[in-house]
Amino acid sequence: MLFNSYEFIFAFLPLTFILYFYLNHIKVYKLSKLFLVLSSLFFYAWWNVIYLPIIIASMFFNYRFGKFLTRTDVPQKNILLLGVFLNLALLVYFKYYNFFIENFNLIFNLNIGLLNLALPLAISFFTFQQISYLVDSYRRETKEYDFLNYALFVTFFPQLIAGPIVHHKEMMPQFANGENRCMNGRNISMGVFIFSLGLFKKVVIADTFSTWATKGFDVAESLNLFAAWFTSLSYTFQLYFDFSGYTDMAIGVALLFNIKLPINFNSPYKALDIQDFWRRWHITLSRFLRDYIYIPLGGNRKGELFTYANLMATFILGGFWHGAGWTFLFWGFLHGLALIIYRVWEKYGFKLWSWLAWLITFNFINISWVFFRAKEWDDAIKVLSSMFSFENVVLPKFLEAKLGFLSNYNVEFGFFYWYMETIIWIPMAFLLVLLFKNSLQTLDTFRVNMRTALFTGFVLSAGILSMNRVSEFLYFNF
Amino acid sequence: MSSKKWLSVVFLVIFLNMALVALVNYVVDPFGIFGTNILKNNLQMNERFVKIEYIEKNHQKYNAYLFGSSRIGVVDPKVIEKYVPNSKFYNFTVSSANLHDYLMHLRYFVEQNYEIKTLYLQLDIDDMNNYGQDSSDYLSQLHPHVTHDSLALFYARYLLGFFPLNIRTKIEVNLAQEVKKTYDLENGTWELPYNEKALREDAKKYVEQEKSFHFKNRRVIYYTQEVHNKEALKEIVEICKEEKIKLYLFITPHNQNMMDTFVLEDYRKYLRNISEITTFYDFSGYNSVTTNNENYYEMSHYRPHVARWVAAHIFNDKSVNIPRDFGKIIEKGDINGH
């Protein structure tokens, strides 16, 4: 079920909310938790019920392993390694099997059949979340909770599909806290407020940009210089507003149930360097990669060269987590490389003007998203070639009268077909991401008053009225 | 302010906004979904919905159909009925249609047991990169009966959608004195009386003033929907065989300027793929009809006399004087000589 669907907003969410708190009100707390788990599984199964056994089996398996890991009479490291291996095996089987076989076939000229399995929804998210649980159990950082609490930690529907990726230790105490069983007026207001902002970001802004991004990548072969830039920028903004919009909605829905999810975005396009960007973009994934890959690999403790190698390995794996394709690997490689260059740069104490630092960082991110978005390597190259080719410049026809002399320099005058409106939308998006507070900063200063009520009412109305273009969230694919 | 009051204000604002939008959508009916008819001129309507509604009530009047994009909309069914004995055609033109529409509608008609003896199907070259419709395109959503979706949800989407541009256009069209486009739901055709009159009075002047004839186009349309298109056409041909429907398939005589947008290699591949599936008539390419702008309203739509030439060629009507280089039959599997 999508957050931006009528069935979620008008049926699933209100019903789940009312029944959950009703069950708490009549003091059947176990039943209320069970109800929330079953509702979450229903929410998950809405897409395709065949995925349901996978997530349930994964939950049982990891819970048992977590229990084993807290026992003192078994060799824990081996149990941990086995647990992590089995989780990764599940992920590899569903997500990466075809990729490995295709490349294996290509290298050794073989013809091993592909599986062509549908990727179970959210598998990357719930697998990572449960690997972190196993590692935390091994480190004795988890407390004893029953299976129902654990099931809620994994399936809690606001964060089940696309994160934020949560830690066992930041969620379980909240589920166990008795104070969270009653409706909290302020949390409900804040939840509705942040959900409204997220819905608006998704359906009004991201879905509008998606039209141009999709069109541009579909006709990658024929893009001119401006069309190519509008295409890449459209995707850059689509991805941000889509994913941060989703996260805002997730945070908002969780708040209705008195659960605080961790922050996932902090104005990433304001970043002045690539390290800063990764402290602001998909923060819970960065945290996972740091805690469970970069630091275990040795982090920065083994000298300069090892630090660079660890950074590169972490980012290549991060890229691969997003998708089973060379474009994702290359995207991870680019970011790893950028971070290494940044570290060297910083080591020698070089400084840049802020505006230039921002320009370089933003453009690097924008260009690297092209690899992230392109279905094929060729598409990425075509879009990038057009972005940097001055042999293919087309200006709007109405400028021909004034700038006609440019035709002597190979500039053509034609129609700005499908991307005409981006000329207005892209500057507006820049203003929004650069000059305004992000939604969580707005939440920090939130007051329950008439102004915020009217604002929320209008923003939520605009979101609901624009929901007629139902589209999935981009991060559902990862 | 208490949280309860805060929430009441939020929900009241949402309710009022939605009620206002629903009221405007119902009264203006920008896509012709609700049949309100307060604003009579339906220049833009969701033909897929409106025509299915019409056919569901009137299918017994027809036993043959014309399927195609808006380009086939100028074909008077009588022109084809003349050549097909005992036929009663309905022009099921729908704007921006592609093979997905034809397949879905044919499946639906067969499923409903509507009588179909003949299918006169027009394919456009720009189908090469189109299959299906974007969910945000409200002019082109299929009828929920065709997609087996909920009718109530369909109405809700049209009632609670925010369509400022469509509403403005519909109001403007209805305020304008001049009727630029007329629609006949009884036979499914559309006409452009204003353009037709202007062309008859002074074709040279019309062509000179029509901007679309003078664009410098670039070859940007690739064959990106090969798999979908082939599968859909195969299924259409198979359904026609199974249901004993006589299929006449032809390729639109695209105006030269439109032809300039197709990548030639992909265009040839598109034709080759069609010929592997079935016999068809090809009116596309650069010939004396497509290179004469006077045969078109603009670079996308041909005029009714071109439709008559197409039909005369397909049905081998020697009484009609057709330009000699216009149209060619491509027998199944025999594209090489073309």
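Chain A and chain B bury about 2700 Å² between them, 67% of it on carbon and sulfur atoms. Buried area here is the accessible area (1.4 Å probe) that two parts lose on being put together, summed over both. On the chain A side, A:Tyr6, A:Leu465 and A:Asn468 lose the most area to chain B, together 23% of what that side buries.

This is a predicted model, in which local features need pLDDT of at least 70, side-chain atom pairs count only at pLDDT 80 or more, and totals for chains, interfaces and linings use all residues. Residues are numbered from 1 along each chain as its sequence is written, chains are lettered from A and ligands numbered from 1 in written order, and side-chain values use heavy atoms, without hydrogens and water.

The contact (heavy atoms within 4.5 Å) takes 34 residues from chain A and 27 from chain B. Seven residue pairs across the interface are in polar contact, both at pLDDT 80 or more. A polar contact is a pair of N or O atoms within 3.5 Å; within protein, one must be able to donate a hydrogen and the other to accept it, and residues adjacent in sequence count only if both atoms are side-chain atoms.

Helices α1 (6–25), α9 (185–218) and α20 (450–465) of chain A each supply at least two residues of the side that touches chain B. α20(A) gives the most, with 11 residues. Chain A has 20 helices and two strands in total. Both are DSSP runs, numbered from the N terminus: helices are H or I, at least four residues, and strands E, at least two.
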